[in-house]
Amino acid sequence: MAAPKGGCFGKVLEIDLNKLTYKAREVPDEIYQKAIGGNGLAAYFMTNEYKAHKDPLAEDTFIYFGPGPLNGTYCIATRTSIANMSPYTGKISHAETGAHLGNEIKWAGWDGIYVKGRAKKPVWISIVDDKVEFKDATKLWGKDSVETHEAIIRELKDPYARTAVIGPAGENQVPIACVIVERFRAAARSGTGMLMGNKKLKGIAVRGTKAVPVVDNAKFMEMANYAKKLCVEKEAWQGIKRWGTAGLLELKHYVDGSLITKNFQTTWYPDIVKIGGEEANRRFWKRHVACNHCPVHCLKLGVIREGKYRGLIAEGPEYESGGLLGSNLGMTDLNAMLILIEACDAYGLDNISTGGILGFTTELVERGILKPADIDGLKPKWGDGDTYLELIRRLAHKEGKAGKLLSKGVTKMAKEIGKGADYYAAVVKGKELAAHDPRGDKARAYSYVFGSCGGDHHEGASTRGLAIFAMLNSLSVCSFATGLIWGGENAKITVGMLNPLCGWNMTEDDYWATGKRILTMERCFNVREGISRKDDRLPKRLMTEKLPAGPKKGAVFTEEDTKKFQDEFYSFVGWDANGVPTEATLKALGLEYLIDDIAAARKEYKL
Amino acid sequence: MEDKERNFPDVLKRESTRRGFLKGSVIAAGSAVALATIGGLAAKEVHAQAKPPEPKKDLMKFLFAERQNCTGCRACEYACSVFHTGVVRPSVARVHVMKYKDVIDVPVICWHCSDRPCIEACPTTPKAIVADPNHNGIILNEKICLGAKCLKCKEVCPADYVWVNPDNGQPLLCDMCAGEPACVKACADQSGNPQGPCLMANKLGFGVNMAFRDVKPEQAGADLLDLMFYPNTVGKRVTPVKTVKTKKARR
């Protein structure tokens with residue numbers, strides 16, 4: 001059990017909100033080699049510390065803010081992973097976000113921040129190097145994410161500090177609440193905002209002045225520079241630099257046929273030209289913003305220049321936010337869509353789940369399954385921005401009938417409403433799907449179906465892709481600026497950077513084994529909660545209804561596709577036909593501590 | 001406009017007389033940033049450039065930041081700290097990227113003023129900081145520098161640029177990387193598309209910036225916010241969140 005030589009400090013900041021104390025928790029090098037950091041390390045902690053059927057809102061659950069070994073080094077585009085057991089789905093969950101928070105945590109001398117307990121009064125935590133302070137957040141409680149962020153920066157008197165805060169949605173414990181990082185970036189999809197609200201933690205602010213130790217700097221810099229060069233020169237990425245992910249809105253509509261439209265009714269949405277990247281460029285964008293050391297600068301900031309909200313500075317649209325709150329809601333007015341996006345960010349709501357819920361509600365109202373009387377007399381119609389804005393506000397505050405119903409999420413709404421509503425619910429493992437329609441873009445089903453969070457678009461689009469993304473999310477680097485560009489060289493580059501950085505002897509085989517180990521750890525956690533092959537499938541609608549129009553007209557995700565995907569993936573990671581990791585796999589991956597748990601789960605769920 | 005008059009007094013006075021020089025220049029003469037680049041030494045340096053260049057002239061003598069182009073990627077901080085310490089450590093970098101209201105990124109650089117107030121203010125004899133005649137870089141003599149108890153250079157810096165090394169309390173001053181600034185190279189590598197680099201060296205062949213240097217980072221941020229996000233008045237936030245919280249909903 002040796003301390004890490006480089007890349008990591010070997011200590012995680014463990015904060016106990018019950019007593020408002022903190023301590024350094026030693027993490028030996030072996031565990032970093034096994035689980036890397038970020039999501040992987042969180043999965044390791046979670047599988048070790050939680051028993052099966054843990055209550056995600058219990059006092060001793062934790063949130064892990066995890067950078068990886070590459071954060072704070074010369075590697076490009078490093079991010080932050082935030083992982084916890086999701087109170088929304090009851091499964092393991094992780095969210096990745098851009099901006100500079102992860103690096104600042106590393107520079108403060110910590111490998112991650114592990115927050116547990118529940119404070120009696122609202123607090124926010126200031127972390128400056130080794131100094132941790134608990135500050136009163138009573139005055140910030142109730143403020144939106146932007147005001148909170150600004151208030152924290154004002155109090156610290158340090159424009160270089162980095163923050164992660166929740167908005168009113170998190171405080172009101174809406175299960176789709178997210179964490180807003182540095183005003184414009186969101187760590188969503190994992191219910192972390194709700195958990196932070198439950199712990200009465202309004203936010204954290206981090207500032208660091210240290211450096212990450214590197215074992216063999218010359219070799220590390222050589223590989224890091226090579227990785228950077230690939231990203232700078234990649235021809236296909238010039239478009240992303242120019243248009244951000246908003247450019248994909250038009251692309252997925254015209255070429256891929258996978259743009260989410262009106263709650264998965266179709267993928268053909270000609271009005272996309274009114275809300276897509278080109279229109280945003282004409283009417284909205286003002287500047288490009290990059291994360292740490294990233295040449296791609298995909299975030300676009302802009303200002304609304306006419307109408308009621310003239311002068312509103314917001315970000316977007318990105319592909320997911322523009323898809324879910326744009327084409328999914330039938331929006332035809334760019335400004336109205338941007339206002340919805342900004343409202344979600346300010347309230348601290350997950351754009352994707354919010355869009356999914358609103359789309360689902362609209363379709364049910366349209367089909368007469370849900371009566372307007374059930375949602376406070378509001379009548380959501382495709383493209384009706386004002387009603388959607390009102391619904392978002394009620395959702396964030398759980399206000400009235402509408403707020404209470406919508407804040408439950410699509411799965412529970414469908415159950416409560418009944419009358420065949422579940423056919424229109426586009427959910428996998430209890431979570432709304434993102435903006436890629438898997439009928440048009442079949443490979444995306446890998447991510448939706450096998451991703452440990454469920455319904456998540458950010459977990460790889462092939463069997464190997466899932467292992468790569470498990471690594472990327474644990475290294476906490478951007479899949480966009482690194483993983484997708486490195487392509488076939490992923491293992492080579494990652495190993496080439498990690499070995500000189502941490503002083504390890506990792507081989508490319510170890511890379512794949514580590515990826516599989518992280519996937520298996522997360523899977524084991526979910527198996528304990530009752531996940532198996534029966535849950536690894538797309539919703540019924542996407543498997544029966546053919547696409548009515550567009551470039552992929554007539555496409556449908558068939559039962560054969562599902563079976564093929566499942567068999568292929570299970571054999572790749574070494575799980576059995578039920579989608580449960582076998583004992584041999586667990587032994588081979590060094591996860592012996594999970595064997596008993598899995599045996600118990602097999603008995604419990606008859607797998 | 002009040003702000004701009006205060007920030008760029010020289011520029012506004014000299015605008016008419018320097019017009020001829022600007023003719024044919026690629027810089028849009030209308031923008032405040034471009035105006036700010038025209039300053040006292042312009043004419044003199046242009047004459048100097050006309051002569052056949054001597055080998056020493058290849059060294060970079062001035063930094064320049066096209067502030068509108070900054071994407072906030074901090075490649076300059078990375079390159080600077082790697083050049084000076086070998087590892088990435090922005091807290092000891094000699095260039096910084098400040099977020100202003102999280103909307104604007106302001107590159108905070110040393111403008112290499114021609115009157116060098118930091119050197120003038122240095123109380124030691126001989127001076128702990130000197131300017132290198134070849135490349136204009138400010139070189140710190142760590143043995144002489146009084147460190148945390150003095151920091152007169154930090155006090156007088158008109159651009160609020162000087163940071164303090166957290167290890168020894170001494171100021172962090174831009175030494176121009178001996179004439180080949182690493183930050184400029186990193187910026188050019190990184191941000192070619194679509195708006196071009198932010199940091200440049202020897203822009204237009206002169207280093208002026210006498211107007212630029214008096215602008216503190218916060219002022220620059222406020223100015224840029226005003227300039228780029230024009231319908232928004234500085235400090236005023238428009239948001240759907242506030243507007244939605246109407247009395248009607250409360251009732």
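Colleague: What makes E9 and E12 of chain A a pair of strands?

Modeller: Two strands pair if DSSP finds at least two bridges between them. In this predicted model, four bridges join strand E9 (residues 162–165) of chain A to strand E12 (residues 201–207) of chain A.

Colleague: Which sheet holds E9 and E12 of chain A, and in what order do its strands lie?

Modeller: It is an open sheet of six strands, in the order E8-E7-E12-E9-E10-E11 (chain A). The pairing is mixed.

Colleague: Why are strands E8 and E11 of chain A said to stand at the edges?

Modeller: Strand E8 (131–136) and strand E11 (185–187) of chain A each have a single partner strand, so one side of each lacks a neighbour in the sheet. On average, neighbouring strands here are turned by 20° against each other, direction ignored.

Colleague: What packs on this sheet?

Modeller: Helix H4 (residues 145–156) of chain A does. It touches strand E7 (123–128), E9, strand E10 (179–181) and E12 of chain A. The direction of H4 makes about 140° with that of E9(A).

Colleague: What lies between E7(A) and E8(A) in their hairpin?

Modeller: Two residues. A:Asp129 in the turn has a positive phi of about 50°.

Colleague: What makes E7(A) mostly covered?

Modeller: Five of its six residues are buried.

Colleague: Why is A:Thr47 called buried?

Modeller: The cut-off is 20 or more other C-beta atoms within 10 Å. A:Thr47 has 21 C-beta neighbours inside that distance, so it counts as buried. A:Thr47 lies in helix H2 (residues 38–49) of chain A. Beyond four places in sequence, A:Thr47 is in contact with A:Met521, A:Cys524, A:Phe525 and A:Leu594.

Colleague: Which residues touch the most other members of the largest nonpolar core?

Modeller: A:Leu340, A:Leu349 and A:Ile392, out of 271 residues. Helix H13 (residues 334–347) of chain A gives the largest share, 11 residues. A:Ile392 touches A:Leu340, A:Ala343, A:Cys344, A:Tyr347, A:Leu349 and A:Thr354, leaving out residues up to four places away in sequence.

Colleague: How many residues does each chain bring to the contact between chains A and B?

Modeller: Chain A brings 44 residues and chain B brings 33. H13(A) gives the most to the side of chain A that touches chain B, with five residues. That side divides into 22 nonpolar, 11 polar and 11 charged residues.

Colleague: What are the scores of the model?

Modeller: ipTM is 0.92 and pTM is 0.89.

Colleague: Where in chain B is the pLDDT below 50?

Modeller: One such stretch is residues 1–46, which has 57 contacts in the model beyond near neighbours in sequence. The pLDDT also stays under 50 over residues 242–251 of chain B, with two contacts beyond four places in sequence. Where pLDDT is low, the predicted coordinates should not be read in detail. The mean pLDDT of chain B is 74, and 65% of its residues reach 70 or more.

Key:
Residues numbered from 1 in each chain as written. Chains lettered and ligands numbered in written order. Predicted model: local features only at pLDDT ≥ 70, side-chain atom pairs only at ≥ 80, totals over all residues. Axes fitted to C-alpha atoms, helices over the stretch in contact; angles between N-to-C directions. Contact = placed C-beta atoms within 7 Å. Core = buried A, V, L, I, M, F, W, Y, C linked by C-beta atoms within 7 Å. Buried ≥ 20, exposed ≤ 12 C-beta atoms within 10 Å, placed from the backbone. Nonpolar A, V, L, I, M, F, W, Y, C, P; charged D, E, K, R; others polar. pLDDT = per-residue confidence, 0-100.
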